[in-house]
Every structure is written in C-alpha cells, then in structure tokens.
Amino acid sequence: MAPVRTNGEQLQRSVDQAALVYLLTGFAVFLLMGLLGLAMRLQHAGWLDLGPRWFYRIMTLHGAGMVAGVLLASLGGVSAVIAPRIGLSPRLLWSAYVVYFLGSGLVVLATLVGGFAAGWTTTYPLPVRGDWPVSATWGFLFGYTLVAVAFLLWCLAVLLGARRRFGSLANALAWPVLFRRPASGERPLPTGPELIATVVALDGVIAVLAGVVYLVPIFAQLLGLVSGFDVLFAKNMLFLFGHTLVNLNIYVAVALVYATLGAYTGRSFKMSFPVALAFNLVIVLVLLPYFHHLYQDFAQPLPLHLLGQFGSYAVGVPAFFVTIIGSLGLLYGSQVRWSAPVIFVLAGLWGWTIGGVAAVIDGTIAVNNVMHNTLWVPAHFHSYYLFGAAGFTWAYLFHRLSGVEGWARSVAARRLAWLYAIGAGGFVLAFFFSGLQSVPRRYAVHLAEWQGLAQIAVPFVLLLVVAFAGLLLMVVRSVPAAWRLPAIEPAADD
Amino acid sequence: MQSGAAMLFLLVTVLWTAVLWWVAARAGAAAPYERVSPVIGRIRRLGTPAVVVVLGIAFVVSLAFLPYASSRAARLGEPTVHVEVTGRMWAWELSQTRIPRGQVVEFRVTAADVNHGFGVFSPDGRLVTQVQAMPGYTNRLLYRFDEPGVYTIRCLEFCATGHHLMQAQFTVE
Ligand SMILES: [Cu+2]
C-alpha cells in the first residue's frame, strides 16, 4: 500500500505515535475506572462503605471516564489503521488529544472535588437541581463539551480525508460495491476499517449535534437566560447523543477486530457486498435504538416507542451476520496463532453477542416494563463495553505492541487473557442475574437479599484486576520499542 | 416475565458458548478458507432471513403486551381506583395507600423536581411494573393487583444522593 505523500512514512510514524498515546491513555483510564467499579461492587456486596455521596460521585466518574477513555483508545487505534490512505494529520490528532485531555480533567475535578454526582448520563434537570455547587455542574458539562469537540474534530477530519481519498462520500461508503457498480474512475474502494470509520464519523457528527442541542439550553438555564425546558425533549436529545456515542464506540472497536484478526489467521475480511450493506444499514439503524431508554416515559408518542423496538431488534442483525459470523469464519480451521489478542477477540465475540441478546430482550417494550433500570441494563452495556468496545481495543493494543510473534503469544500472556475472559464473564453474568432478581441499578446501598450476587461478582472482578495488572506490565515493557518503530502493517486490510 | 427472560437468556448463553467453544477448538486445525468461506455465505443467506422472521414474530406478539394505558385498559378494563402519585427528592406522595385487590388501578404519576422512576415491587420482591415520574408530565400507569400484601415503591430513575432511600409502601387488600 503506497503512502499518499512523499513524506508518508514520516507522517505515518507520527500518526502511530499519537495513536499509541491515545491507546495507552485510554488503557490507563480504563484501569483506573475499573478500580472505581470494583469499589462500587464491594459496596454492593456489603464489604465497603463509601457513603452515598461518594458512591454516586464515583459512579458518575466511572461511567463518564470509561466512555471517554475507551472511546479515546479506540479512536487512536483506528486512526493508525486508516491513516495510511485517509491521511489523518498528526497535528489534528494531537490537538484533539489536548482538548480531550482538558475535558476529561474537568470531569475528574467536577466529580471528585466539586461533588458532581448526576450520573454520567446527567439526565436533565438533575444537573441543575442536585445538592452540589453549581460550579461542579459547569465543570462537568464544560468537560463533556470539550470531549465532544475533540470527537467532532476527529469525525470531520475522517469525513474530509475519506472524501479526498475516495473522491466522494458515496465511494467512501462503498456504494459501488453496494449497488454493484464499477468504481468511478481509478478511485480505490475503502477497506472494512475505512468504511467503518466513515460511518462512525457520519453518525458521530449527528450524535455531537444532539449533544449540543442537549447542553446549550442547560448552559442557558445556568446563566439564568431561561427558567427551564421540556424534560422529555431533553431526554430524547440526551440519549440520541449518549446512546449513539457509546454504540459508535463499539463499531470503532469492530474496525480494530478487522485490523487484528487477519494477522493471526492469515485470512482477511474482503470488502464485499454483505460488509458494505451491513455498515450502510448501520448508519441509520444505530440512531434508532436510543428510544428504548424512553419506553417508560409514557408521555413519549407510541410510534417512537415502536420505532425504538424496531431499531433495537434490527441493529444487531447486520453486526451479527457480517462481523461476528465473519470473524468465526476467519478463525475456523485457520491454524490460528493463539495469543492474547485472539483470545480477547474471541471473548469479545462472546460478550458482544450475549449483550446483544440481552438488549433485544430488554428492547422489547413489554419486557422492559419489568427490567428497565434494574441491573439488567448495566449487565447489558457492560457486556458490550468490557468485551466489545474495550476488549476489541485492547486486542488491537496488544497486537500493536507485540506483533504476531511477540510477547502476546507467550504462555503467560495467553493465561492472563483467559483470566480476563473468565473474570469478565462471571462479572457480567452476576449483573444479569441481579437484573432478573429485580435489583435496581444505581443504588448506593443494597438490601441484604441483593448482596449475594454482588459477593459472587467481586472475585470475578479481582480476576480482572490480576489479568490486567499482568498485561499492564507486559504493555509497559514493550512501549519504548513500539514508540521507535512504525506500527506493524495491519494485515487484514487489502 | 422475568423467569421467561431468564430462560431465554440462559438458553442462548449456553448455546452461544458452545458454538464459540466448537469454533475455537477447530481454529488450530487446517481447513482451507476456500471451503470455509462458502459455508459462511450460506449461514448468512439462510440465517439472516430466519432471524428476521423470528424477530418479526416476536415483535408482533409483543405488541399485545404493551404497558401503556390504552393497551392495559383494553386488556384489563377501565380503571375504577385512582391514585395520585408525586415523586420528589427523596420521597413519594400517594393520595391513598390502600388498594383493593382484583380491581384496575390507575396511578397518575408525576414529579415535582427531577425525573424519578415509579417502580412497583411485589411483596416477594419482584418488580411488577413501572413508569417514569417526570416534571411537567402526568403518566398514567394501569395495573390490577391480584395478590394481597404490602407492595414497595422504589425510585428507578437516578435522582442523586437520596435515590436509594426514595421508597414508599401501599397495601393491597
Ligand atoms: Cu427518585
């Protein structure tokens, strides 16, 4: 694959270094936020007492930090994968990083020092009605704004780069493959990761706009310009922003599966009709399921509820049959070189699917009426996030640092990866069973009869701690070499 | 409802774990991709319509069990008991706390400050139904209680420091 510019190699190296910083910062944030998660589960188990104020602060930071950290890491990874052809500038990546970092810093200060504790979702009007100083609300929401701006910068850079490279947005979205037309002129077709990045960037712009529509009136209210606004409209914008962002993060991570799995199986995802169709459908489908957060807002018009159920059912189908079944096809009979990245991808396929099935169950309005806001909900998104968005991203990180034949293939690394899979599996299953037991989510204090499952979850979280502590050591040791050398060619894209 | 969801979920989890186990066990062996690839194509061509049909049926069937007022009124009948409910940080206010069993009750649920969740837990601790309590809106939740006993209302929408303490009770007799 020829570099776009004459100084392409130098540029690619700068992009790789920025990407590495994204990945490592995200990994560090993920680990710290994970420890906060452990503290919360210890409290649920009755083995720790932080008091409700600190519990809800930590809960707010845990959610916001996980989303910001994992998103940052996966954006870094996918930037390195798509940069050779789409041509992301290192300067843009570094600028976005600084903005992102400032935003995240504000979120940390607002929760830990300011006492902001409205949950990462900050459902209006709670941010302006909580029992914390208004400065904490300012800090938190302004921090979010900066993070959103950084993400928007990345999205715009990808869209512009993709248009430049592929001649039009239609080409970047693989429409010639979709409509079985020959590609226009000598323009190339996007690879899987390039197509996914374009889709994510498109929907990312929409999500950020929804975030702006959500945040601006809150700022106006904080400034005393308006006395308040409609809570139902606010909730729609909030979840169009938050739910979409989190879902997009999983697709970003899927691009990293495409870039990782090929190296260990010697097989590659081809840009084909099913892949093009799936990700073009995702453009629309990923915007619909957010309505399932509002099923119990009976005031919402019925057609929107039904649209939410349709979207919740439909969004999983292309992902399952294209990415998940396709990945299993890459693995089967491939004489795979077992290593930590492969195990993380395999576990990710497990958890992503389980989380998807749980989402379909809970995305059914009739069932949602007895499951909504129980621990079933965090069970479902922790499956998506820990296995999917984060797991796939760490698979790429380990691959990036180790290469096919490096430390990630060692017995120790593989054992730690299995430990992660078991820890994560037990941890989310305990959440699911708690949801079935009707345990409410976001409770600082659990009744005695709810504590059992949290007590079962804690040892599994400790397995996660051990697994990630070990992998962290291996990661740290391999960073200096990776910093100097260019990234390994992503074997999966062709 | 929860036990049905549990069974479906467990079944899928066990099956999916077995499928991945099977693939993983055969990942180390050699099978040419030219032979694997058509099988994947066939799984996609046959599996996608099959799953779409199953989901379509589930979608249609589930519409008969919507929790919304008009839907429940059609199944249970028009309400004969009316309870006004207001949620505020961090307490519930109910216009009455004794509810006759076997009759259709209408909870008219709103909130005074922020969003709350009106979750009704049965005497044995199961969540039986819920609706959001929203400032500026009144949501109508219809339900018929056939089992007597003390029911607990728990807040199911996060509302900061006192969220987990936001409870009330009513008796079905
Ligand atoms: Cu409440």
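Which side chain does the side chain of A:Ser268 make a polar contact with? I started my notebook with that one.

**Entry 1: ground rules**

I am working with a predicted model, where local features need pLDDT of at least 70, side-chain atom pairs count only at pLDDT 80 or more, and totals for chains, interfaces and linings use all residues. Residues are numbered from 1 along each chain as its sequence is written, chains are lettered from A and ligands numbered from 1 in the order in which they are written, and side-chain values use heavy atoms, with hydrogens and water left out.

**Entry 2: A:Ser268**

I found the partner: the side chain of A:Lys270, at 3.2 Å. A polar contact is a pair of N or O atoms within 3.5 Å; within protein, one must be able to donate a hydrogen and the other to accept it, and residues adjacent in sequence count only if both atoms are side-chain atoms. I placed A:Ser268 in the loop between H9 and helix H10 (273-285) of chain A. Helices (H or I, at least four residues) and strands (E, at least two) are DSSP runs, numbered from the N terminus. Is A:Ser268 buried or exposed? I noted it as buried, because its relative accessibility is 17%; buried means under 20% relative accessible area, exposed over 50%, and partly exposed in between (1.4 Å probe, protein chains only).

**Entry 3: B:Thr152**

I moved to chain B, where B:Thr152 lies in strand E8. B:Thr152 is buried, at 10% relative accessible area. Its side chain is joined to that of B:Gln169 by a polar contact of 3.3 Å. Contact here means heavy atoms within 4.5 Å.

**Entry 4: A:Gly435**

I looked up A:Gly435 in helix H16 of chain A and found a relative accessible area of 0%, so this glycine is buried. Beyond four places in sequence, A:Gly435 touches A:Thr374, A:Leu375 and A:Trp376.

**Entry 5: where the chains meet**

I then turned to the contact, which takes 85 residues from chain A and 72 residues from chain B. About 6,600 Å² is buried between them, and carbon and sulfur atoms give 71% of that. Buried area is the accessible area (1.4 Å probe) that two parts lose on being put together, summed over both. A:Phe298, A:Phe321 and A:Tyr332 supply 11% of what chain A buries against chain B, more than any other three residues. How many salt bridges does the rule find across the interface of chain A and chain B? I got zero; a salt bridge needs a side-chain nitrogen of Lys or Arg within 4 Å of a carboxyl oxygen of Asp or Glu. The rule does find 33 residue pairs in polar contact there (both at pLDDT 80 or more).

**Entry 6: rings**

I saw 47 aromatic pairs over all chains. Rings of Phe, Tyr and Trp (its six-membered ring) pair if their centres lie within 6.5 Å; planes under 30 degrees apart count as stacked, over 60 as edge-to-face and the rest as tilted. A:Tyr56 and B:Phe158 make a tilted pair, 4.8 Å centre to centre with 55 degrees between the planes. A:Tyr56 is in helix H2 of chain A and B:Phe158 in a loop of chain B, so this pair joins two chains. Both residues, A:Tyr56 and B:Phe158, are buried. I also checked A:Phe344 and A:Tyr420: their planes are at 5 degrees and their centres 3.9 Å apart, so they are stacked.
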